[in-house]
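Here are my notes on this model. Please read them with the structure open.

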Amino acid sequence: MTSADVVEIAASPEAIAARLAASRYLADDSLATAIFLAIRLGKPLLLEGAPGVGKTEAAKAVAELLGRELVRLQCYEGIDAGHALYEWNYQRQLLAIRHAGEHEIDIYDDRFLIARPLLQVLRAPVERVLLVDEIDRSDHEFEALLLEFLSDFQISIPERGTIRAAAQPIVILTSNRTRELAEALRRRCVYHWIGYPDARREAEIIMLRSGDVAEATARAVANAVQEIRARPLAKPPGIAEAVEWANAATILEKGGSPWPEAFRRAIGLLIKDEEDLSAIAPELGRIVEEALG
Amino acid sequence: MRRPQNLRPAAAPFLGFARLLRRHAFHIAPEQVISFMQAVTLLGPRSMNDICEAALATLAPSPDRRGELEAHFRNYFYGDAKPSIEGEEDDETRVKDDRGAREEERQTIRQEKGGELSSALEQLSSRDFQRDADGLSPFRRKLVSALPARRSFRTTRTRSRGTLDLRRSLSEIVSADGDIPSPLLRCRQAVPRKLLLLIDVSGSMKLHTADYLKLAHAAVQGADRAEVFTFGTRLTRITSALRIRDRGQALARAAALVDDWDGGTRMGPTLLAFLSVPRFSAFARGACVVILSDGLERGSHAELEIAMRRFSARAFRLSLATPLAGDPRFRPATAALRAILPVLDDLVDGSSIGRLTDFILSLARPAPTADSIWKRVS
């Protein structure tokens, strides 16, 4: 794909939103604008939001929209260069040295290099989209390393020299905001905060994402979930949970449970914390009745 | 990033907007302003909304300040609501002054009421001056090494007891021409755990909050990852204020952030509110959680119990430091304390900075659970 193709795909925020909808992802105006700007300005896109609002899904949809492969780097506490950039295959290197005997051998050949996500993207920037997932879980050292990568798009391998990206790769970072990211990182990115959608949009998302949920059911689920999220729960339900709940309730209803009952029996797919369940249980009947209203 | 050679007059408002935001303590880098203008050009802009979206995406305000940025945007580009933004700020400062005055008033009233209370207050202030110099700075220095450690995924070189460091060994082998001189080892690093301080600022804790804030300041300065929140009727995060090095300045900033000084306590609901914010509760995971409170909950303690159970499920160690335990006759006898005692790891004396610092520095050492200690006593 050439840069002209990218410009054509990302002609305007509306074009992006339409293409995202085609890959079954509903983006609101500001998310579409942020994606548009990130692609056209050639900057990384930083998505922040509560768990379960569709940050990772957004990245997948962007990769699909550009027709590129998604390379995902899941961050965790203690992630280091060996997991993110590259590593040498030492066992093979040692074997090769044995085999070579008296012959000359280059043990820093491509054969012995294990490319990790950042290097993979660097090698084929126009065929891949890099997703750095849950960057808030990594520690500060890794953030600094990432910052360096994002500013120059190059990796230095002491044994090999510097590898540069031929073109500017598209990078998406997500964060649950369990800690504040460094200002420098935010500054370098196009930023978007994804909130929970309103009831109408959530109903649309449920319809789009689930198998065969009726419109009335999707609306009821969206309304009930909005109501449930307003409470102080340990784990407020995300959009994915709402979709599963709608799916499960539909299946139960087809199996013979009447409506409010089907929702109540499927609640385990929406609320996955015992204490939250017991907190919400007394009111669940009323919430569902009202949502079905 | 290329900079426009000569700024067109139409671009001036955008530059002005960035300057306005900087004046209101938004951190905006020059490259962000350039991106902002590029974004506006890319978007058309077809409407004012486009410009606003571009500002939000490129100037990257933190989610808590998003509303503020939008208000400034409306004020700057539409020219409305100017008085309300500035008015708000004035209001805030005025309230702050009022609050300060009220505090003093209440203190004097209390001093007149009971001899016991006022003498405690005096004792406290005289103790302060001595402790300032020698109590907290050793605490700050020792804190990092005193916090309990966990094994990180990252490795470090070691001379004994580790796994083989293949990368370094191999380069050693290559440089030694195929000989293996001695295997090089590495082991997983130990990283100090996070420290979470939750400070009760309700009326009943009035005598101690000043001390606790000083302690919190030292903790934030000393530990790698520490978070401090105050709670009374609301929950306030004051970590960012306490990051300022100068203690006086930091405490003044923190004091200004907190809105519920010396009010009532709603310990259960505020702690639950803490846990329901994902980014806060994630911080509590695997952390040392120290709650500085007398544990006096008005009304039912059911919510407090739930909150404490959740905390203990998340935290590495959950401790409650209460100033009441300074009294040798103290027993955890209230219904609320008895209910939460089984989930607490420690219930300790929080009546003075000295006791607290000693306790926090001892967090890494194993101790019997609070339940067993207090059963033995009573």
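1. A word on terms: domain bounds here come from an automatic or database domain assignment. The model is predicted. On that basis, the C-alpha centres of domain 1 and domain 3 of chain B are 51 Å apart.

2. Chain B splits into domain 1 (9–80), domain 2 (136–145 + 193–377) and domain 3 (152–191). Note that domain 2 is written as two segments, 136–145 and 193–377.

3. Now the contact between the chains. Chain A gives 37 residues and chain B gives 35 residues. On the side of chain A that touches chain B, the elements with two or more residues are α3 (29–41), α6 (90–100), α9 (183–188) and β9 (190–194) of chain A.

4. Next, a helix pair. Two packed helices are described by the angle between their axes and the distance between the axes. For α1 (residues 12–23) and α2 (residues 30–43) of chain B, the axes come within 10 Å and cross at roughly 140°. Angles over 145 degrees would count as roughly antiparallel; α1(B) and α2(B) are therefore oblique to each other. The crossing of α1(B) and α2(B) is right-handed.

5. Which residues make the contact of α1(B) and α2(B)? From α1(B) come F14(B), L15(B) and A18(B). From α2(B) come V33(B), F36(B), M37(B) and V40(B). By class, the residues of this contact are seven nonpolar, no polar and no charged.

Notes:
Residues numbered from 1 in each chain as written. Chains lettered and ligands numbered in written order. Predicted model: local features only at pLDDT ≥ 70, side-chain atom pairs only at ≥ 80, totals over all residues. Contact = placed C-beta atoms within 7 Å. Helix = DSSP H or I, 4+ residues; strand = E, 2+ residues; numbered from the N terminus. Axes fitted to C-alpha atoms, helices over the stretch in contact; angles between N-to-C directions. Parallel < 35°, antiparallel > 145°, perpendicular 65-115°, else oblique. Left-handed = near helix turned anticlockwise from the far one by under 90°. Nonpolar A, V, L, I, M, F, W, Y, C, P; charged D, E, K, R; others polar.
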